[in-house]
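Hi,

Here is the structure I promised to pass on.

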Amino acid sequence: MLSVAELMTPRSQLATLTRDAPLEAARAVMASRQIRHIPIVDGQDHVVGILSHRDILAASGRATAEGDAGKADRVPVSQVMTTDVEVVDRRVGLRAAGEFMHRHRFGCLPVVRDDVLVGLITDSDFLEVALSLLEQAEAAEPEETEPEEAESPA
């Protein structure tokens with residue numbers, strides 16, 4: 001059984017922010033790293049929230065509707081992030097984690113060990129696995145040959 005730890009992006013490669021970081025910083029991190037989710041952590045690397053690209057877009061839309069487009073950039077992520085975050089232990093099987101994410105329509109799950117963030121697994125990680133499996137399946141298929149045309153009597 002493959003575990004979440006084998007597919008996740010490890011903590012050393014993750015971008016994280018604290019709850020007092022401004023949305024402007026989150027927007028910059030997402031753009032520069034081409035990511036859609038940022039775990040929000042406290043000083044001990046406990047997950048206290050998750051910030052998604054959609055959260056930033058929604059905050060920007062509200063600020064624009066209120067007539068202060070620049071206001072969203074100054075708002076701390078704590079006012080926009082999701083705080084009711086599901087996490088997964090690094091030892092959980094990939095299938096169980098994937099089914100959970102699919103059932104709840106989650107784009108990512110923070111991965112923890114003893115309640116400390118050790119990684120992040122995303123729907124994109126599962127898509128990469130699916131594409132790799134499809135590629136392997138296609139490579140294992142026999143090549144299709146076109147049927148020879150039957151000659152008709154003339």
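Let me start with α4, which supplies 6 residues to the lining of the largest pocket, the largest share. Before going on, some housekeeping: this is a predicted model, where local features need pLDDT of at least 70 and side-chain atom pairs count only at pLDDT 80 or more, while totals for chains, interfaces and linings use all residues. Residues are numbered from 1 along each chain as its sequence is written, and side-chain values use heavy atoms, with hydrogens and water left out.

On terms, a pocket is an open set of points on a 1 Å grid over the protein atoms alone, where a 1.4 Å probe fits and protein lies on both sides within 12 Å along at least five of seven lines; lining residues have an atom within 4 Å of a point. Helices (H or I, at least four residues) and strands (E, at least two) are DSSP runs, numbered from the N terminus.

**The largest pocket**

Its volume is about 730 Å³, meaning the space filled by probe spheres set on the points, with grid points joined across faces, edges and corners. The lining has 25 residues, and R105, F106, G107, C108 and D123 lie nearest the centre. Two or more lining residues come from each of β3 (47-52), α2 (53-65), α4 (94-104), β5 (108-113) and α5 (123-140). By class, the lining has 9 nonpolar, 7 polar and 9 charged residues; here Ala, Val, Leu, Ile, Met, Phe, Trp, Tyr, Cys and Pro count as nonpolar, Asp, Glu, Lys and Arg as charged, and the others, Gly among them, as polar.

**The second largest pocket**

This one holds about 260 Å³ of space. It is lined by 15 residues, with T9, I35, R36, L120 and T122 closest to its centre. β2 (37-41), β6 (116-122) and α5 each give two or more residues to that lining, and α5 gives the most, with 3. The classes here are 5 nonpolar, 6 polar and 4 charged.

Is T122 buried or exposed? T122 is buried, because its relative accessibility is 13% and the cut-off for buried is under 20% (exposed is over 50%, partly exposed in between, 1.4 Å probe, protein chains only). T122 sits in strand β6 and touches H37, M101, G107 and C108, not counting residues up to four places away in sequence; contact means heavy atoms within 4.5 Å.

D55, in helix α2, is buried too, at 16% relative accessible area. Beyond its neighbours within four places in sequence, D55 contacts I50, V80, M81 and T82.

Cheers
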